Amino acid sequence: MSKAQVLVEQKSLRRIFWSKGRMQKRWKQAGLATDVPLEHIRLYKIAVFHLQVISFVRLPPKDTEELYRNSEKALGNKLQGELDLTASWQNDGLLRLTAKLAIHAIYALGFEMGEVIVALGGDGRRKIMDAAAQYSDPELLSQCRENFVQEETERIKAYPGFAEQIRLGADPEFVLVSQKGKLVPASRFFGEGRGGEVGADSVRLGNRLIYPYVEIRPEPADTPQQLLQHIQHLLAFCQSKIKHVDVRWAAGAMPLKGTALGGHIHMSGVPLTIRLLRLLDRLLALPFAAIEDSGGRGRRPRYGMLGDYRMQSHGGFEYRTLPSWLISPVAAKAAFAISFLCVRNVYTAPDMTIISTDDDKLIDAYYAGDKHVLQTAAADAFRILKQMDGSDSLMHWLSPFFAAAERGESWNEAIDFREKWNLL
């Protein structure tokens, strides 16, 4: 059996009989909707294969009430009166959000593939009803598996060239805090909107948008070292704009109540796969959770769920799980180095390093902020990273971060992080 065939084996088959309670626990941990009250319901059955929607069906309207109570009747079966929307769902914004929810639902269970029943209310809210690692159309599944094996075989052959193609980017956030501990809107200094290398990021408050967060958007880089230089340049620019204003620069996960900050990492030159996402969860997200401020737990589950990603128009993707590593250069360097090594070694990392469905202890610890378990996970991650191709040149970036995790240290979100970056 080839490496690609091993990667596509449907390990989820043995998990078809997961209880609804266990599935709902995973979805709730990840902040996915399972208990939303809905009216004027439409039901959809969405087949997902390795982060792709391959079938999108509206279930028979005449059976909505019955299937809402007994959704498992639709899983793995074709029902009379189904409406096939596979060719058109992407043209509807609400259905695109519904599809994204289905993909995250399968990923959160640790499945590579499966069907999800999602309810959509008349007000646009969505609710996961059920899921199973089986398909209503076995022929479609067979074709997907065959195509995936072929594609993965080609990607594995091309693997040695990945190091030459990898590009890294980022869009970390931070906030400005007054001496009275109040949030100072970033839009006062950087305007509103998404244009430029530095700007104010928006948050919806009721029916209006406000722009409280500073977001920096460095040019993509060929190496972690180059990305760090771009970040330093933009932080210096920010300092030049507001150096005379008496505010504290705050970063991390949640330096103020209700201010969940992100440190998204952009990657291109390598295809996004479940394997890569789970490698990033295991070697990047868990160690960061081990050293975050104790208040950072409040960022989850609404933000920072494992495997959170967004595709980009340039063909790459952004990994959205991390908090804002601007809290210190040590954290930033670790984020860049680990991301680079995961992408570079995605096909050579041992399978045991990939976070799996059965890793309940690790997943529970991540969402609960259990520092004892996460500290052990960080030590394991460091041992794995040290064995990866290309790690030697990045060890001076990795060692300080993991040494802090080993000592049980946490970053301090009450500081002005400019001190760490030598900007004061």
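Start by selecting L51, which sits in the loop between strand 1 and strand 2 (52–58). Helices and strands here are DSSP runs (H or I of at least four residues for helices, E of at least two for strands), numbered from the N terminus. L51 isn't a glycine, yet its phi is positive, about 75°. Is L51 buried or exposed? It's buried, with a relative accessible area of 8%. Buried means under 20% relative accessible area, exposed means over 50%, and partly exposed is in between (1.4 Å probe, protein chains only).

A quick note before moving on: this is a predicted model, where local features need pLDDT of at least 70 and side-chain atom pairs count only at pLDDT 80 or more, while totals for chains, interfaces and linings use all residues. Residues are numbered from 1 along each chain as its sequence is written, and side-chain values use heavy atoms, with hydrogens and water left out.

**Next stop: T273**

Now pick T273, in the loop between strand 11 (263–268) and helix 9. T273 is buried too, with a relative accessible area of 7%. What is T273 in contact with, leaving aside its neighbours within four places in sequence? You'll find L51 again, along with E152, R155 and Y347. Contact means heavy atoms within 4.5 Å.

**Into the core**

Select F174, L235, W249, F288, W325, L326 and F336: these have the most contacts inside the largest nonpolar core, which has 122 residues. Helix 9 (residues 274–291) gives the most to this core, with 13 residues. A nonpolar core is a set of buried Ala, Val, Leu, Ile, Met, Phe, Trp, Tyr and Cys residues joined through side-chain atoms within 4.5 Å.

Zoom in on F174. Apart from neighbours within four places in sequence, F174 is in contact with residues including Y213, V214, I216, W249, L261 and F417. Then look for a second, separate core of 13 residues, with I41, L59, I117 and A132 among them.

**Helix 11**

Colour helix 11 (residues 360–368) and show L362, I363, A365, Y366 and Y367, which are buried. What covers them? The cover includes helix 2 (20–29), helix 9 and helix 12 (371–386).

Go to H40, in the loop between helix 2 and strand 1 (42–49). H40 has a positive phi near 55°, and it's not a glycine. H40 is exposed, with a relative accessible area of 66%.

Then select R300 and P301, which are joined by a cis peptide bond with omega about 10°. P301 is in the loop between helix 9 and strand 12 (309–311).

**Across to E406**

Find E406 in helix 13 (residues 395–406). E406 is exposed, with a relative accessible area of 63%. How far apart are E406 and I274 in space, C-alpha to C-alpha? They are 29 Å apart, and 132 residues apart in sequence.

**Zoom out**

Show the whole chain: there are 13 helices and 13 strands. The C-alpha trace spans about 70 × 50 × 40 Å along its principal axes. Of the 424 residues, 56% count as buried. Look at contacts between residues at least 6 apart in sequence, and 75% of those join residues at least 24 apart.
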